[in-house]
Structure formats: C-alpha cells, structure tokens
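Reader: Before we look at any single feature, I would like to learn how to read one carefully. Could you take me through some examples, giving the general idea and then the case at hand?

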Amino acid sequence: MKRERATRLLADMITRLEDGAWPLGLVEEVYVFGSYARGALEPNDVDVVIEHGTDKRWLGESLAASINGRDSYVGMRQALRGRTRGISFQFRGRSLQDEGFELFLLWRKGEPFSLARERLASLTADPEAGPAPRDHMLPEFEGLKSVVPRPARIELFGRHAKGKISITPLRLLDGDLEDSEAAWHVRRRWVETSPLRRAATCALVALEQRSVDLGEVTLHGQRLFGRDQSAERCFVDLGWNGFGSMGRLLDSGVTWLEVLRPHRTKPMDALLIEPTPPT
C-alpha cells in the first residue's frame with residue numbers, strides 16, 4: 001500500500017483509541033515496527049504491537065471464544081481498525097524486541113493522544129527503505145503471505161522445520177456436499193449470504209474428495225454430527241479463529257484445515273496441515 005494510506009490507517013486508529021470504547025480502554029501500549037516504521041514508501045502492511053490489560057468482561061468473552069474455537073481478538077481488531085484492512089496486529093508482542101525487531105512507541109496509557117499524533121508525524125518517509133522481507137516463510141506460503149499472520153507463520157515454520165507436519169496449499173472449489181447431514185449442519189449455522197457458509201461448504205467438499213470421514217471432523221469449533229462419538233481426526237478452521245487451539249490439536253495427531261480468508265464470491269485458499277506420523 002502507499003505510505004499515505006498507511007499513515008491514515010494509523011491516524012484513524014489513534015482516534016478510535018481516544019474514544020476509549022470497550023475493549024480499547026484496556027490498551028496500555030501501542031508500538032509500530034517493520035517497513036512502515038523504517039520509512040518505506042510502499043509497505044506491505046502496517047505492523048503494530050498492542051499491549052493490553054484485562055477485565056472481567058474480557059476474561060469471560062475470551063473463555064467463551066476458546067471453548068467455541070474462536071479467536072478472542074476478533075473484537076479488539078475490529079475496534080482498532082474499523083472496517084478497513086492493512087494493519088497487522090501482534091497482541092502482547094513486546095517480546096519481538098528480543099528477536100531483534102525495533103519497536104517504535106506510538107502511545108502509552110496516560111499520555112495525551114496529541115503526543116501519539118506527534119510521534120506518528122515523526123515517522124517520515126525514507127525512499128531507500130523498501131518493504132521488509134517476511135520472516136518465517138515457507139514455499140507453501142508463496143502467494144499467501146498476506147493472509148497467513150505472523151504468529152501462524154512462526155508456529156508452522158517451527159513445526160515444519162522439525163519435520164512434525166506437512167503443509168499442502170489448496171484452492172477450494174465450490175460444490176455440493178454429498179453428505180446431507182453435513183450440509184444441514186452448515187445451513188443451520190450460517191445464513192445463505194454468510195462467507196462462512198461458503199467457506200465451510202468448500203472445505204468439507206475438499207475433505208470429501210480426499211475421502212475424509214466427516215463424522216471425525218470438527219467444523220469451526222463444533223463437531224459435525226452431535227450423535228457421532230468417533231474420535232476427532234480433522235479440525236476445519238475459518239479465518240484463523242481457532243488458532244489458539246492449533247498447537248494442542250496438532251500435537252494430539254489431529255489434521256488442521258485452515259480456510260485463509262472466507263469470502264462470499266472470491267476464490268478461497270486453504271492450508272491442509274497434517275501431523276507427520278512418528279518414525
């Protein structure tokens with residue numbers, strides 16, 4: 001994106017923080033890093049670290065999200081960036097400094113927001129600063145790096161390097177499910193216009209084509225067939241909402257199918273992540 005647009009995204013985020021609506025009142029520190037902070041004229045995106053506290057409501061909603069296989073940060077991301085895209089958030093990511101990343105403090109709780117705007121204005125362009133190369137990249141992420149967030153890249157890169165998983169990129173195709181009960185499950189959970197309905201259907205069609213027993217599938221936090229008590233063998237996740245459970249499930253031998261960006265009409269890609277059998 002152009003640097004001017006990236007700056008507007010950050011300025012709008014500061015305004016939202018100033019309004020202080022929940023959960024933004026929990027934010028304690030905001031840092032900028034990466035190519036934008038270094039002055040790139042066309043950064044890939046804007047990398048932002050958010051440090052935050054918790055309250056009773058946050059803890060309750062986070063627990064509910066975890067139980068239902070959802071990402072507890074969906075609400076905070078939307079509150080920070082509104083309906084726009086282009087900011088990549090690392091929550092509680094100040095430890096990036098230990099990995100050699102230079103974090104630029106934009107705002108700290110208790111400071112006037114005018115100071116945040118002054119700091120933003122001080123991040124001037126540098127024509128010699130190009131986009132920062134993505135870290136923890138694999139050939140399987142080629143063409144998908146904008147929809148595989150950094151925490152996921154780190155997790156998958158580490159497991160892949162140790163030979164613990166194989167990763168297969170998939171282009172999902174529209175189609176009809178052969179299993180009528182699975183089709184009913186999808187229709188029951190999402191309205192016809194929901195991008196999650198289409199993503200779920202396409203993912204299950206891909207699994208059927210691979211002869212996966214849908215009775216062993218968990219779809220976006222729910223088992224497909226409530227009556228079926230067979231072992232869980234595959235977890236289908238839509239848009240990284242269940243990422244917090246990925247490590248535990250892969251360690252227990254469960255295959256993970258991640259639909260990277262659910263959409264009503266556009267082509268959708270997925271990653272099939274399969275644990276490698278022990279030798």
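Author: Let us begin with strand pairing, where two strands pair if DSSP finds at least two bridges between them. Here strand β8 (residues 234–238) and β9 pair in the parallel sense over five bridges, and D237 stands opposite E258 in β9. Helices (H or I, at least four residues) and strands (E, at least two) are DSSP runs, numbered from the N terminus. This is a predicted model, in which local features need pLDDT of at least 70 and side-chain atom pairs count only at pLDDT 80 or more, while totals for chains, interfaces and linings use all residues. Residues are numbered from 1 along each chain as its sequence is written, and side-chain values use heavy atoms, with hydrogens and water left out.

Reader: Are the residues of strand β9 buried or exposed?

Author: Buried means under 20% relative accessible area, exposed over 50%, and partly exposed in between (1.4 Å probe, protein chains only). Five of the five residues of β9 (residues 255–259) are buried, so this strand is largely enclosed by the rest of the structure. Both of its faces are covered, with T255, L257 and V259 buried on one side and W256 and E258 buried on the other.

Reader: Which residues does Q90 touch?

Author: A contact means heavy atoms within 4.5 Å. Q90, which lies in strand β3 (residues 87–91), touches F33, V48, V49, I50, L96, R150 and P151, not counting residues up to four places away in sequence. Q90 is also buried, with a relative accessible area of 8%.

Reader: Where is S211 found, and what is its phi?

Author: S211 is found in the loop between α8 (195–209) and β6 (217–219), and its phi is near 60 degrees, a positive value in a residue other than glycine. With 68% relative accessibility, S211 counts as exposed. W240 also has a positive phi, near 65 degrees, and is likewise a residue other than glycine; W240 is found in the loop between β8 and α9 (246–251), and is buried at a relative accessible area of 7%.

Reader: Which residues does the cis peptide bond join?

Author: The cis peptide bond joins W22 and P23, with omega about 10 degrees, and P23 lies in the loop between α1 (3–19) and β1 (27–33).

Reader: How many helices and strands does the protein chain have?

Author: The protein chain has nine helices and 10 strands. Buried residues make up 47% of its 279 residues, and the C-alpha trace spans about 60 × 40 × 35 Å along its principal axes.
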